[in-house]
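User: I've got a model open and would like to talk through how it is put together. Can you take my questions one by one?

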Amino acid sequence: MVVHSTEPAGRRQVSLVLGGARSGKSHVAEALITSQPAPWIYLATGRAYDDEMQARINLHRASRGELGWQTIEEPYDITTVLQKAGPEPVLVDCLTLWLTNLILDERDISAATEGLLSALCERQHQTVLVGNEVGLGIVPDNALARRFRDEAGLLHQRIAAIADEVLFVAAGLPLKIK
């Protein structure tokens, strides 16, 4: 499967790639980025709280290789990274891990979201953001999980409103919804 951006390098292009767990969304997002000339920035928001998460991070690194990629690990301040990225295409993987970090560390989600939206609107180069669509399942049974689901849905809606394209990925297949 090959996904190509139709936008030339050096033009603002914000893409939001949503999907469920193991849907192939990261692979689709990487294909969008690598359709542009290297180097590319991989902005990783995940943190390894345990061995299983560290194994997932290692698998992601190995699957994309390092040739052409500059990996920046930033669990909170993705706005500053986007502002300093320059002309390189940036892949943010993933918004829902970023949101998790903000919630667990009791950071200001509204201010962080506003900063992100502002950075995306100001940035004049390709940016692809990945997020887990968590609102398609049952209503979570606890307040923290419900808050996370609600915040993720609102975050994705706000980004989708300013995005040039939005893709939903299921079974490795991207469906363009905007």
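User: At roughly what angle do the axes of helix 4 and helix 5 cross?

Analyst: Quick background: this is a predicted model, where local features need pLDDT of at least 70, side-chain atom pairs count only at pLDDT 80 or more, and totals for chains, interfaces and linings use all residues. Residues are numbered from 1 along each chain as its sequence is written, and side-chain values use heavy atoms, with hydrogens and water left out. Axes are lines fitted to C-alpha atoms, for helices over the stretch in contact, with angles from 0 to 180 degrees between N-to-C directions. The axes of helix 4 and helix 5 (residues 109-122) come within 10 Å, and they cross at roughly 145°.

User: Which residues of helix 5 does helix 4 meet?

Analyst: Contact here means heavy atoms within 4.5 Å, and helices (H or I, at least four residues) and strands (E, at least two) are DSSP runs numbered from the N terminus. On the helix 4 side you've got Leu-95, Trp-98, Leu-99, Leu-102 and Ile-103, and they meet Ile-109, Ala-112, Thr-113 and Leu-116 of helix 5.

User: Why is helix 4 described as largely enclosed by the rest of the structure?

Analyst: Buried means under 20% relative accessible area, exposed over 50%, and partly exposed in between (1.4 Å probe, protein chains only). The buried residues of helix 4 pack against several elements, including strand 1 (13-19), helix 3 (78-84) and helix 6 (143-162). Helix 4 counts as largely enclosed because, of its 10 residues, the number buried is seven.

User: How many residues of helix 1 are buried?

Analyst: The buried ones in helix 1 include Lys-25, Ser-26 and Glu-30. Helix 1 is largely enclosed by the rest of the structure, because out of 10 residues the buried ones number eight.

User: Is Leu-43 buried or exposed?

Analyst: Leu-43 sits in strand 2. Leaving aside neighbours within four places in sequence, its contacts include Ile-72, Val-81 and Val-92. The C-alpha atoms of Leu-43 and Val-92 are 4.7 Å apart, though 49 residues separate them along the chain. With a relative accessible area of 0%, Leu-43 is buried.

User: Which helix gives the largest share of the lining of the largest pocket?

Analyst: The lining of the largest pocket has 37 residues, with Arg-22, Ser-26, Arg-56, His-60 and Asp-93 nearest the centre. Elements that give two or more residues include helix 1 (25-34), strand 2 (40-44) and helix 2 (51-64). The largest share, nine residues, comes from helix 2.

Conventions
1 Å grid on protein atoms, 1.4 Å probe; cavity = no way out; pocket = protein on both sides within 12 Å on 5 of 7 lines; lining within 4 Å.
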